[in-house]
Amino acid sequence: MNQPPHPQPLWVPDELFKAQSSEEQLRKFINNRHYLNLGNFYDLHTYSVSDYTFWEDLWDYLEIQCSVRFSKVLEEGKLLREIPRWFPGARLNYAENLLRRNDDTIACTESNELGHLRHYSFRELHERVRSMASAFTASGLKVGDRIAAIVANSITAVVLALAATSIGAIFSSTATDLGVPAVLDRYRQIRPKILFADVEVSYGGKGIDLIPKVTEVIQDLLNHGLQMAVMLPSTLSGSETAILNCPKTMLLSKFLEKGDNRSLTFVQLPFDHPGFILYSSGTSGKPKCIVHSAGAVLMQPKKDIMQGLSCRAGETFFQYTSTGWMMWTFMLATLSIGGRLILYEGSPFYPSLPRFLRFIHDQKVNYFGTSPRFLAEVKRQGINPLNIAPFDSLRVLYSGGDVLTSALHTWAHDAFGKRVCLYSASGGTDVCGTLLSFSPTLPVYPGEIQAKALGMKIEVFDPNGKNIERTGSPGELVCTRPHPSLPICFWGDEKGEKLRATYFDTYPGIYCQGDFTLVDPQTNGIVILGRSDGVLNPSGIRFGSSEIYNIISTRFSSKIEDSICVGQRRPGIDAEEHVLLFVKVQPGYKFTAQLEEEIKEAIRRGLSRRHVPAWIGEVEDIPYNVNGKKIEIAVKKIVSGHDIEPSATIENPESFKLYIKYRNLQHRTRTRL
């Protein structure tokens, strides 16, 4: 039998590039320390997932700063046996590791779509964190308290995160475009003691008044443990003019006056002390509050950025993100390397895409993190990036949040210049890092992720728990060995029951995130085929159907009897996933264009513009199983072109036929990320 031709790589590192990479330096470091002969990335990865000593090696190579060294690498965990306790005995502080520099080198550059630009040195950042932390302490905040923020991607957001972790508090942020119900679904659970909020932002050239939303959030949270709310200066004018009609609310300037001139100190805490709370997409019920240890959010992203991307001190890292995405928390680790962060708030399409691309060049960005949706929009607009700017400083483009198709990968690699490496990766909120990552010593193949992340023992399982990755067949992506960035708990899940059910029940005792995956036998590259559950993922913005259902049931119960919300991505037709919302109206009621617009507006106000489905329409029936659960995955597959045979567990199997005709829907391309 003739073998298929070997795929051609898009990019191959030259020997000098390999030799200068941090990955190569780590390999030599481990060889010299242990008298080993690890010859390449695959040898290094095998060592990293077979000997826990790797994590001690990594600790030392990354120069994790601590006041007390750990007694051993790991020991049995207290909550779940699947989640061990890492580096017991160690005492360190997340913020101290990120603020190791205290000089005039630029740490952060803040910009928005209006062209406002400001640089902040490490010395200025250090002073701002000191002032904020002093005010925290004077306000009675202490270790373990939750500090929440509805905040733009700005220097203030960075200062809040670092000041919170410097005193041992737990930081949690949401983007400014998240609706009131979605914010409350998150913050009611974690009961923050203090909330910071922006009052005015700009997106797409329009000023957005956040005061009504923020007022409603504060008034509600005052009944859920909130002790104080602080209003931030306008991101447009920089002025402090908003005084809400709420008790226990003050301006930032007044809050900072609570502090004094005491020097910045860093509370020394265990490696697994909670540092950040991120949120699941809320597929079934309210979003899960995923608690990550400060040590893990330091170590794993620093590994990915320093080792995988080979980012160095003085280089510039630009991740386009909001404060509500895990990539915002992830990117902060760049500061621990001594790199510069770009903090961009606003639309990349306003006033134009060429201007945004020129900004990347002008700021001498070395590493630009984006999404397939952004790359697809550049292509759709017929823009040749190299006609905009030469991108002399750009070394790496990396894409996350959604599947990067082979065709788009190839186009983007050519469009930005063949010397620029375009990586793809996969990880997520669950681990605040990568499971599948980059390697500067391996070739890049179109549509593939290069490698399993160091320290992550990734396998592909069939439904029976058998490893099938060498067959090239698709299956569930699993991680069969613990690693430090496993969540330490879900907030409020005292016994760990929800945590185990979420990650360890599909294959008992083995971490399963819910990605449908295959490994290419010829290249060893990994291809993510999509979610194996019902999480919606338009343009890389993941959210759960339950958030849509909550809006429908709350606002339209008199008009809509039931609804089902699924993603549609048809091979060869859809470059990205589109969200479809099917509604079953109440008897005697008609589905009209006016009702459709009312639903869109309710979702836009209650959640965000990004949550509005690409298509909303009427359906006669919605499939359920005998246990009363909507069959979202089956509907998703049907509208994406797959033929599904109803199982015996379906209560109304005839309903499947109703969705076949929606395979031919036409969608307009969106331009909002």
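Which residues does Leu335 touch, not counting residues up to four places away in sequence?

Tutor: This is a predicted model, in which local features need pLDDT of at least 70 and side-chain atom pairs count only at pLDDT 80 or more, while totals for chains, interfaces and linings use all residues. Residues are numbered from 1 along each chain as its sequence is written, and side-chain values use heavy atoms, leaving out hydrogens and water.

With residues up to four places away in sequence set aside, Leu335 touches Leu98, Ala107, Cys108, Phe122, Leu125, Val158, Leu162 and Leu341; contact means heavy atoms within 4.5 Å. Leu335 belongs to the largest nonpolar core, which has 94 residues. Such a core is a set of buried Ala, Val, Leu, Ile, Met, Phe, Trp, Tyr and Cys residues joined through side-chain atoms within 4.5 Å. Buried means under 20% relative accessible area, exposed over 50%, and partly exposed in between (1.4 Å probe, protein chains only). Leu335 is one of the members that touch the most other members, along with Phe87, Leu125, Phe136, Leu162, Phe196 and Phe255. Two of these, Leu125 and Leu162, are also direct contacts of Leu335. The greatest contribution to this core, nine residues, comes from helix α7 (residues 155-166). Helices (H or I, at least four residues) and strands (E, at least two) are DSSP runs, numbered from the N terminus. Another core lies apart from this one; its 69 residues include Ile150, Ala229, Ile551 and Leu595. In soluble globular proteins, nonpolar side chains tend to be buried together.

In α2, the buried residues are Ser22, Glu23, Glu24, Leu26, Arg27, Ile30 and Asn31. They pack against four other helices, α1 (15-20), α3 (41-48), α4 (53-61) and α11 (294-308). After α2 comes Tyr35, which has a positive phi near 55°.

Strands β8 (residues 200-203) and β9 (residues 206-209) run antiparallel and are joined by four bridges; two strands pair if DSSP finds at least two bridges between them. Within this pairing, Val201 has Ile208 of β9 as its bridge partner. The two strands make a hairpin with two residues between them, and Gly204 in the turn has a positive phi of about 65°.

Elsewhere, β19, β20 and β21 form an open sheet in that order, with antiparallel pairing. β19 (426-428) and β21 are the edge strands, each having a single partner strand, so one side of each has no neighbour in the sheet. Two bridges pair β20 with β21 in the antiparallel sense, and Ser437 has Ala451 of β21 as its bridge partner. The loop between β20 (433-437) and β21 (451-452) holds Gln450, which counts as buried at 7% relative accessibility. Neighbours within four places in sequence aside, Gln450 is in contact with Tyr423, Ser437, Phe438, Ser439, Leu442, Pro443, Val444, Asn524, Gly525 and Ile526. Val527 is 77 residues from Gln450 in sequence, yet their C-alpha atoms are 9.2 Å apart in space.

Charged side chains complete the picture. The structure holds 39 salt bridges, each a side-chain nitrogen of Lys or Arg within 4 Å of a carboxyl oxygen of Asp or Glu. One of them joins Arg85 to Glu75, with the closest N and O atoms 3.1 Å apart. Arg85 lies in strand β2 (residues 85-86) and Glu75 in strand β1 (residues 74-75), so this pair ties together parts ten residues apart in sequence. Arg85 is partly exposed, at a relative accessible area of 22%, and Glu75 is also partly exposed, at 26%.

Glu377 is buried at 0% relative accessibility, and Arg373 is buried at 3%. In the salt bridge between Lys418 and Asp414, the closest N and O atoms are 2.6 Å apart. Here Lys418 counts as exposed at 56% relative accessibility, while Asp414 is partly exposed at 38%. Salt bridges can also share partners, as in the network that joins Arg33, Glu56, Asp57, Asp60 and Arg69.
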